[in-house]
Amino acid sequence: MSLDAATVTETPVGAPLVPSLPLRMRRTEIMTVVYRTDSDAVARLLPPQLEQVGDLVIVHLYRMHDADWFGAYGESAIQLPARHAPTGTVGAYSAYLFVESDGAIAAGREIYGQPKKQAAVTLAADGDLLVGRVTRNGIDVLTATMAYKQRPGDEADLERHAAFRTNLNLKVVPSVDGGIAVHELTARTLADVDVHWVWRGAGTVELRPNAQAPVHVLPVRGVVETFHWSADFTLVHGQVLEQL
């Protein structure tokens, strides 16, 4: 039987790179650093359709230990608290995202419009220190640290400084003719979040310049707080906030 292109809903056929939602992420280990930056640096990265909410940057470093479709891999998100006034949606806008899994890169970009690029992401204890790194082109573009499990916290602490459960993205998909096929603001909220444990404390974050991973454009002016936590959660479909 020949292939009927009109019925194809996945590519490659029979072995799709982008999965069907929902996806369950289990035993995800996360380091979250909240730091202050220059307000004008935030303003330069936010789409004008989003309102700036303060001068904070949220950095997540993830070790996905058991993810549907993708298995085990590392990921890091650099986010900016923001608000979409017409819908009243408050969340964290994705400025930069780095991932080890090709499928997770494709899914994030094609479904949500996340600006995912390839990089190595590590998160592990080194003696009494938790160390997270994002490495691209052989350069540690981001290094974060905190004391290892010294001060317990709870789930309510995680979003005390900024809300990030809802992720905001500028989705841009080019057209084959040279134009833009999709141009929209999107939102996606994590579902069925089950937080297993939380540790909190002081931390550090260091940024190194890299033209292909320019996280250094959000300079560190002081770390507010750092968290080490573990959770299960589900990736679900989101919504279009605005067509551009």
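The model is predicted, so local features need pLDDT of at least 70 and side-chain atom pairs count only at pLDDT 80 or more, while totals for chains, interfaces and linings use all residues. Residues are numbered from 1 along each chain as its sequence is written, and side-chain values use heavy atoms, with hydrogens and water left out.

An open sheet of four strands has the order β7-β8-β9-β13. Its pairing is antiparallel. Strands are DSSP runs of E with at least two residues, numbered from the N terminus. Two strands pair if DSSP finds at least two bridges between them. The edges of the sheet are β7 (120–126) and β13 (203–207). Each has a single partner strand, so one side of each lacks a neighbour in the sheet. Neighbouring strands are turned by 10 degrees against each other on average, direction ignored. Here axes are lines fitted to C-alpha atoms, and angles run from 0 to 180 degrees between N-to-C directions. β9 and β13 run antiparallel and are joined by five bridges. Within β13, Val205 stands opposite Ala144.

Further antiparallel pairing involves β11 (residues 180–189). Nine bridges join β11 to β10. Lys171 has Glu184 of β11 as its bridge partner. The hairpin of β10 and β11 has five residues between the strands. In this hairpin, Gly178 takes a positive phi near 100 degrees. Four bridges join β11 to β15 (residues 239–243), again with antiparallel direction. Glu242 in β15 stands opposite Leu185.

The structure holds two aromatic pairs. Rings of Phe, Tyr and Trp (its six-membered ring) pair if their centres lie within 6.5 Å; planes under 30 degrees apart count as stacked, over 60 as edge-to-face and the rest as tilted. Phe70 and Tyr73 form an edge-to-face pair, with 6.0 Å between centres and 85 degrees between planes. Phe70 and Tyr73 are both buried. Buried means under 20% relative accessible area, exposed over 50%, and partly exposed in between (1.4 Å probe, protein chains only). Phe164 and Trp229 form a tilted pair, at 6.1 Å centre to centre and 45 degrees between the planes. This pair links distant parts of the chain, 65 residues apart. Phe164 lies in the loop between β9 (139–147) and β10 (166–174), whereas Trp229 belongs to strand β14 (residues 222–235). Phe164 and Trp229 are buried as well.

Two charged side chains sit over rings. A charge sits over a ring if NZ of Lys or CZ of Arg is within 6 Å of the ring centre and within 35 degrees of the ring normal. The charged end of Lys149 sits over the ring of Trp197, 4.3 Å from its centre. The charged end of Arg188 sits over the ring of Tyr112, 4.6 Å from its centre.

Thr32 lies in strand β1 (residues 23–36). Its relative accessibility is 1%, so Thr32 counts as buried. A polar contact of 2.8 Å joins its side chain to that of His60. A polar contact is a pair of N or O atoms within 3.5 Å; within protein, one must be able to donate a hydrogen and the other to accept it, and residues adjacent in sequence count only if both atoms are side-chain atoms. Contact means heavy atoms within 4.5 Å. Setting aside residues up to four places away in sequence, Thr32 touches residues including Ile58, Glu225 and Trp229.

Arg200 is placed in strand β12 (residues 191–201). At 16% relative accessibility, Arg200 is buried. The side chains of Arg200 and Glu225 make a polar contact of 2.6 Å. Beyond four places in sequence, Arg200 also touches several residues, among them Met146, Asp157, Thr226 and Phe227.

Strand β5 (residues 89–99) contains Gly91. Thr89 is also placed in β5. Gly91 is buried, with a relative accessible area of 1%. Thr89 counts as buried at 15% relative accessibility. The C-alpha atoms of Gly91 and Ala163 are separated by 5.5 Å, although these residues are 72 residues apart along the chain. Leaving aside neighbours within four places in sequence, Gly91 is in contact with Leu80, Pro81, Ala82, Ala163, Thr166 and Leu168. The side chains of Thr89 and Thr87 are joined by a polar contact of 2.8 Å.
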